[in-house]
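Here is a friendly walk through one protein chain, from its overall layout down to a few individual side chains. Keep the structure open beside you as you read.

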Amino acid sequence: MRARRFAGALLWAWMVAAYAQQVKTVEYRDAANGASFAYPAEWRADPGLGFYMQDDILEPTAVGRVAEQAIMKVGFENRGTGPYAGTNLDGVEFVYFVVPGGSRAACEGRVRREQDTSQGDRAPAGVVIGGVTYLHLRTGDAGLGHDAYHDLYGGYLADRCYLFEGVVHTIAAQAHTSDPTPLTGVQQKALRAQLEAAMRSVRIAPPGR
């Protein structure tokens, strides 16, 4: 079983690396916080990009507070054209947000709070990207015919909490007027590989360091 998991992890790493090498990308830079990442050139950069299911890293940290506004979102909406036409894909987004101050524990807490033990989410694990250690959680949620599959990352550096989230949004068949085809396993993996490639491209160089 352990050998099979290791082989699966190697195959996934190969898919992400292969995708990153084959796709034309553009770079987003946030000079104020010293962060950058690359994303597919055909995606749209729009901090207002939104879907039915909310982004986990932007959820209010206290009762009565409104959701945070992303510094940037990149992604696309599936509007009946392109390689995912006719499927139940609603869209994909990669979300970037920074919280100044706080502590590493508080930063990682924003990721840990999204773990849904009732659905069997694995415990968050550490991953190093561009020399920075992030807490990573893979989870999902659903509501009123909509589903979202999330990858959350939280890293603390230079008195800042850097938060990233990759999300694949789908819509159940009953929520459509037509009869869409569910995404295949290969399509789902391709979308997640695109999002992980964006995350793997993240580089943090805070001003003054």
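## Overall layout

Starting at the N terminus, the elements of the chain follow the order α-β-β-β-β-β-α-β-β-β-β-α-β. That comes to three helices and 10 strands. Please keep in mind that this is a predicted model.

Of the 209 residues in the chain, 46% are buried. The chain exposes about 11100 Å², with carbon and sulfur atoms supplying 54% of that area. Looking at contacts between residues at least 6 apart in sequence, 66% join residues at least 24 apart.

## The disulfide

How many disulfides does a search of the whole structure find? There is one, and the disulfide joins Cys107 to Cys161 with an S to S distance of 2.1 Å. The pair links distant parts of the chain, 54 residues apart: Cys107 belongs to helix H2 (residues 104-112) and Cys161 to strand E9. The link of Cys107 and Cys161 is right-handed, with 75° about the S-S bond.

Are the two cysteines buried or exposed? Cys107 counts as buried because its relative accessibility is 2%, under the 20% cut-off. Cys161 is buried too, since its relative accessible area is 3%.

In soluble globular proteins, nonpolar side chains tend to be buried together. Here, the largest nonpolar core has 30 residues, and Phe37, Phe94, Tyr96, Tyr134, Phe164 and Ile204 touch the most other members. Two or more residues of this core come from each of strand E2 (35-40), E4, E5, strand E6 (125-129), strand E7 (132-143), E8, E9 and helix H3 (185-200). E5 gives the most to this core, with five residues.

Leaving aside neighbours within four places in sequence, Phe94 is in contact with residues including Phe37, Trp43, Met72, Val74, Phe164, Leu195, Met199 and Val202. There is also a second, separate core of 14 residues, with Ala70, Phe97, Val111 and Tyr156 among them.

## Asn78 in its loop

One more residue deserves a visit. Asn78 lies in the loop between strand E4 (72-77) and E5. Asn78 is buried, because its relative accessible area is 12%.

What does the side chain of Asn78 reach? It is the backbone oxygen of Tyr84, at 3.0 Å. Not counting residues up to four places away in sequence, Asn78 touches Tyr84, Ala85, Thr87, Leu89, Asp90 and Gly91.

Note on methods. Residues numbered from 1 in each chain as written. Predicted model: local features only at pLDDT ≥ 70, side-chain atom pairs only at ≥ 80, totals over all residues. Heavy atoms only, no water. Helix = DSSP H or I, 4+ residues; strand = E, 2+ residues; numbered from the N terminus. Buried < 20%, exposed > 50% of the residue type's maximum accessible area, 1.4 Å probe, protein only. Contact = heavy atoms within 4.5 Å. Areas by Shrake-Rupley, 256 points an atom, 1.4 Å probe, with all protein chains shown as cover. Disulfide = S-S within 2.5 Å. Polar contact = N/O pair within 3.5 Å; in protein donor to acceptor, adjacent residues only side chain to side chain. Core = buried A, V, L, I, M, F, W, Y, C linked by side-chain atoms within 4.5 Å.
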